Amino acid sequence: MKSLTKIFIVLLLSATIAFGSFNNYANSSPIIPLDHSQSIPSDLQPQILPNQTIEIPMTITYKRMVEIANKTQCILKPIGAYNKSLEWPLGDIDSLRLVAERFNSDSFSFASNYQIDCGIGKEKRNLQFSTSLDTEGNKKINIGVINQNGNQPAKLTWDQMIDPDDKSLLNPPFGVNAFIRQKDQTSIWLFEVVEK
């Protein structure tokens, strides 16, 4: 019985040594000197360690985008909103800037009231922007030029939104244009503020 135990221990030790050595070398790569002057970038493959997270770069395609192009010398400041579904996504917009917010929501509906601030002593004007996409995929856009602060002008503009057609209004000395455009897989609601 003792000899059987000795044989079992010898076999166990042999297996442990063999598999232990195998495990040490199984996950290693041979080190081969690399002449960087002879290789091209596609030849180089970085070593991946066990349990290492591999990050694969992905290009995210957004289905929806709201953009405001401020083509004036003034700042656009949000001073009210109407959020029927989701929240108005954009804040202050500096002069001569294009600002966008991207998202993948299947439906949304909101409006905002912006004040055109050209500095001290300048008369302030307001513009309203309204966008909508319902669950059936119907797109709508609208603009307003109600010179009043708060949420009510945004709600009124939202209430009057009926179609996806291009819009254009004046609030002298400013004008505002609204369009819905498609670029690849992205629908874009674009508002453009200009000085007349």
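Mentor: Before we look at any residue, take one definition: a residue is called buried when its relative accessible area is under 20%, exposed when it is over 50%, and partly exposed in between, with a 1.4 Å probe and with protein chains only. This is a predicted model, in which local features need pLDDT of at least 70 and side-chain atom pairs count only at pLDDT 80 or more, while totals for chains, interfaces and linings use all residues. Residues are numbered from 1 along each chain as its sequence is written, and side-chain values use heavy atoms, with hydrogens and water left out.

Trainee: Is Asn171 buried or exposed?

Mentor: Asn171 counts as buried because its relative accessible area is 6%. It belongs to strand 7, residues 167–171, where helices (H or I, at least four residues) and strands (E, at least two) are DSSP runs numbered from the N terminus.

Trainee: Which residues does Asn171 touch?

Mentor: A contact means heavy atoms within 4.5 Å. Not counting residues up to four places away in sequence, Asn171 touches Arg125, Asn126, Leu127, Val145 and Asn147. Its side chain also reaches the backbone oxygen of Asn126 at 3.0 Å.

Trainee: Which side chains does Asn149 meet in polar contacts?

Mentor: A polar contact is a pair of N or O atoms within 3.5 Å; within protein, one atom must be able to donate a hydrogen and the other to accept it, and residues adjacent in sequence count only if both atoms are side-chain atoms. The side chain of Asn149 makes such a contact with that of Gln115 at 3.4 Å, and another with that of Asn126 at 3.3 Å. Asn149 sits in the loop between strand 6 and helix 2.

Trainee: How many helices and strands does the protein chain have?

Mentor: The chain has two helices and nine strands, and along the sequence they follow the pattern α-β-β-β-β-β-β-α-β-β-β.

Trainee: Which residues touch the most other members of the largest nonpolar core?

Mentor: In soluble globular proteins, nonpolar side chains tend to be buried together. A nonpolar core is a set of buried Ala, Val, Leu, Ile, Met, Phe, Trp, Tyr and Cys residues joined through side-chain atoms within 4.5 Å. Here the largest core has 24 residues, and Val66, Ile68, Trp88, Tyr114, Phe129 and Phe191 touch the most other members. Several strands each supply at least two residues of this core, including strand 1 (64–71) and strand 9 (186–195). Apart from this core lies another, of five residues, among them Tyr82, Ala154, Trp158 and Met161.

Trainee: Which residues of helix 2 are buried?

Mentor: An α-helix has 3.6 residues a turn, so residues three or four places apart point the same way. In helix 2, residues 152–159, the buried ones are Pro153, Ala154, Thr157 and Trp158. Seen down the helix axis, they fall within an arc of 140°, so they line one face of helix 2; the arc is that of the directions from the helix axis to the C-beta atoms. These buried residues pack against strand 2, strand 4, strand 5 and strand 6.

Trainee: What is the phi of Asp184, and where is the cis peptide bond?

Mentor: Most residues other than glycine have a negative phi, and most peptide bonds are trans. Asp184, although not a glycine, has a positive phi of about 55°. It lies in the loop between strand 8 and strand 9 and counts as exposed because its relative accessibility is 68%. The bond from Pro172 to Pro173 is cis, with omega near 10°, and Pro173 is in the loop between strand 7 and strand 8.
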